[in-house]
Amino acid sequence: MQSVAAALARLGDLAASPTVSRLSAAFDAAGHELALVGGPVRDAFLDRGTNDLDFTTDATPDQILGIIAPIAQAHWDIGRRFGTIGAKIAGEQVEITTYRTDAYDGESRKPEVVFGDSLEDDLARRDFTVNALALRLPKLELVDPSGGVEDLLAQTLRTPSAPERSFGDDPLRMLRAARFASQLGFHVEPGTLAAMSELAGAIERISAERVRDELAKLLLTDAPRPGIRLLVDTGLADRVLPEVPALRLEVDEHHHHKDVYEHSLTVLDQAIDYEVARGNLDSPDLVMRLAALLHDIGKPKTRRLEPGGAVSFHHHDVIGAKLARKRLRALRFDNDTIDAVGRLIELHLRFFGYADAAWTDSAVRRYVRDAGDQLERLHILTRADVTTRNRRKADRLGFAYDDLEERIAVLAEEEELAAVRPELDGNEIQAALGIPPGREVGEAYRFLLELRLDEGPIGPDAARERLLEWWAARSAG
């Protein structure tokens, strides 16, 4: 956290940049107000990088377009009905939004957009005081009507108006509180926290797409655990991601197992650490983090209390994959994300047992084949799933997975393992067997694929000979 003087100096430097100074001069010459608002102002106090430049103004969307057209390299009005115009100025993308006083009517999933004429009123409608900061341009006047600077110093999330009113206007703000708690490392003020619990049911008024986007932003923060805890503790997760609070399984005195909820949060933490340390994924990686959080959601449905105090979760990988796909579809995630997360959950137990009995080359090939383009994520998820406090056990599993990855690398170099396929294609199968396209070609292809996985490359001639032997035996049978 920077001092107020240092933050204002940094904002002054930003205001002097080509993008901001051109915009400021253009709006001032046109007789309209302009202010840098929200995240860029907040982040100047937090000494964080500024990625987005957001402005607000008393000009209408049509007037905004008229002002920026002469100075913009490009502009677009996809958010025009919400008062937002985008532009590229001096090589940077910016958004300029007309002052607003929009609010929900308590029933609709979308806000009624009403344009305003006061910067202070516009700031009063924003989600949290730390985001309700603005810098008037070109005079460089800090506008803070709700005590946002004090809350920044106290690392507190608080709504500018009564939280019941703020969350009633837009219930999505409750999810944003969880996201900012993780993103900024702030705590939620007690009255605001109580309102989140009391109004949790209101989140059901919000469209699945908006909920999805906010959950994704939370998971993509550097440390999503505090935000997830906040969602669970307030009851919001019961409404938007109920499979996660369901992981809090009761443990009786006779049947003991690890706390699945805490385990899942630890797996998420460790997956993020591996994601960053290994450097093989574009980080942050949403698929990886969804899979880590949801990998054990099949356990509540599969828990069985066994004689002698044991607890089993047979097939929780398969059940969990189905539950994850269903939840992600309900949240309107794209099919590629749904498929990838589902596959990772299905495969996350496959490795365990390798440490006890090293796999054959055939088993290693099948592991790679089944993982497909999710192999790196599966490596991370499997490693992250080791949360035992038994150091000897953890080391044994870690060394075993090191060995597996080394074997995969050696086989990949020898066999082009990432593209395992039969050594005869469909046309060659038809020619060898003298058959037309159809089901029998598919059966022959699968036979050759199993042969390839079991024995590695044997060459096209040997593959053709083995295919003919298989065909003769099949025909005789």
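Reply: The chain carries 60 positive and 81 negative charges, and their mean positions are 3 Å apart (Lys and Arg count as positive, Asp and Glu as negative, with His and the chain ends not counted; each charge is placed at NZ of Lys, CZ of Arg, CG of Asp or CD of Glu). This is a predicted model, in which local features need pLDDT of at least 70 and side-chain atom pairs count only at 80 or more, while totals for chains, interfaces and linings use all residues. Residues are numbered from 1 along each chain as its sequence is written, and side-chain values use heavy atoms, without hydrogens and water.

The chain has 23 helices and 11 strands (DSSP runs numbered from the N terminus: H or I of at least four residues for helices, E of at least two for strands). An open sheet of mixed pairing is formed by 7 strands, in the order β3-β4-β5-β2-β1-β6-β7 (a pair needs at least two DSSP bridges). β3 (74–76) and β7 (141–143) are the edges; each has a single partner strand, so one side of each lacks a neighbour in the sheet. From one strand to the next, the twist averages 30 degrees (axes are lines fitted to C-alpha atoms, for helices over the stretch in contact, and angles between N-to-C directions run from 0 to 180 degrees).

Helix α4 (residues 61–68) lies across β2, β3, β4 and β5, running at about 10 degrees to β4.

Notes. Contact = heavy atoms within 4.5 Å.
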